[in-house]
Amino acid sequence: MKVIEIKQQVYQQNDRIASELRAEMKQRGTLLINLMSSPGAGKTTTLVRTLEALRGEMRIGIIEADIDSDVDALTVARAGAQAVQLHTGGMCHLDAFMTREGLKALNPAGLDLIFLENIGNLLCPAEVDTGAARNVMILSVPEGDDKPLKYPQIFRVVDLVLVNKIDALPFFDFDLTVFRQRVSALNPSAQILPYSARTGEGLGAWTDWIRAAAAQWKRA
C-alpha cells in the first residue's frame, strides 16, 4: 500500500508560491503585510485609520478576505484604497494560492503597500504562509492578556502585535506588562504597540513602523 501525504504536498506547493510572491513583490518594491486578528478586534477600522494617515504619502492596496460578504472591501474602498474582495468558500484562512489570485485582481503595479486582511480568527491564519513580507496581528484589550497562552502559534509568527482599544483599559483586566512578558517568551523579536483605532492614540507609532518596514523592504 502506498501512502500519499496530501497535506505535506499542499503545504510544499503553498510555500513555493509564497516564496515566488515575495520575490515578485520585492522586485516591484511593494511591501505586502498580512494582517490577522479575531473578529471584532479592529482590523478594518485600523486599515481605514491607516489609509487616512498615509494618504498622499503611500499608494495602498487592500485584499479583503471573508467567508462571505463584501462589507469590508466596500468600507476600505470608500476610504480611498484600491481594494478587492476574496471569498474563501468556507476556509478559515488565506494561503499563497488565494493571495496570488487577489494580487492578480488588484494589479499591484505602482503600489507601495498592500494589506491582506485575513479571516478573523487566531488559529488557522497563523499556520499558512500567505507570501507576505511581514505578519502583523491585532489583539484588542477586551480579549484579555492571556491570549499568548491560548494561541501561541500566531504570536510566534508575527513581527508586530498591535494592542487595540487601549482607551478601554480602565474597564478590563488587561495587564500590558504581563502581556509583553508572555509575547516575549514566545517571540523575543516581536514588537508590541498599544493604540486605539477609535481615538487615534498611538497611531503615529504604527504608521512609523510601516514606513520603516517599507523602507527596509526596498533596501534589503
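Tutor: A residue is buried if its relative accessible area is under 20%, exposed if over 50% and partly exposed in between (1.4 Å probe, protein chains only). The model is predicted, so local features need pLDDT of at least 70 and side-chain atom pairs count only at pLDDT 80 or more, while totals for chains, interfaces and linings use all residues. Residues are numbered from 1 along each chain as its sequence is written, and side-chain values use heavy atoms, leaving out hydrogens and water.

Student: Is Phe179 buried or exposed?

Tutor: The relative accessible area of Phe179 is 0%. Because this is under the 20% limit, Phe179 counts as buried.

Student: How many aromatic pairs does a search of the whole structure find?

Tutor: Rings of Phe, Tyr and Trp (its six-membered ring) pair if their centres lie within 6.5 Å; planes under 30 degrees apart are stacked, over 60 edge-to-face and the rest tilted. With that rule, the number of aromatic pairs found in the whole structure is four.

Student: What type of aromatic pair do Phe115 and Trp206 form?

Tutor: Their centres are 6.2 Å apart, with 40° between the planes. Both Phe115 and Trp206 are buried. The Phe115 and Trp206 pair is tilted.

Student: Which helix holds Phe155, and which holds Phe179?

Tutor: Helices are DSSP runs (H or I, at least four residues), numbered from the N terminus, and strands are E runs of at least two. Phe155 and Phe179 form an edge-to-face pair, at 6.0 Å and 75°. They are 24 residues apart in sequence, and the helices are α6 for Phe155 and, for Phe179, α7.
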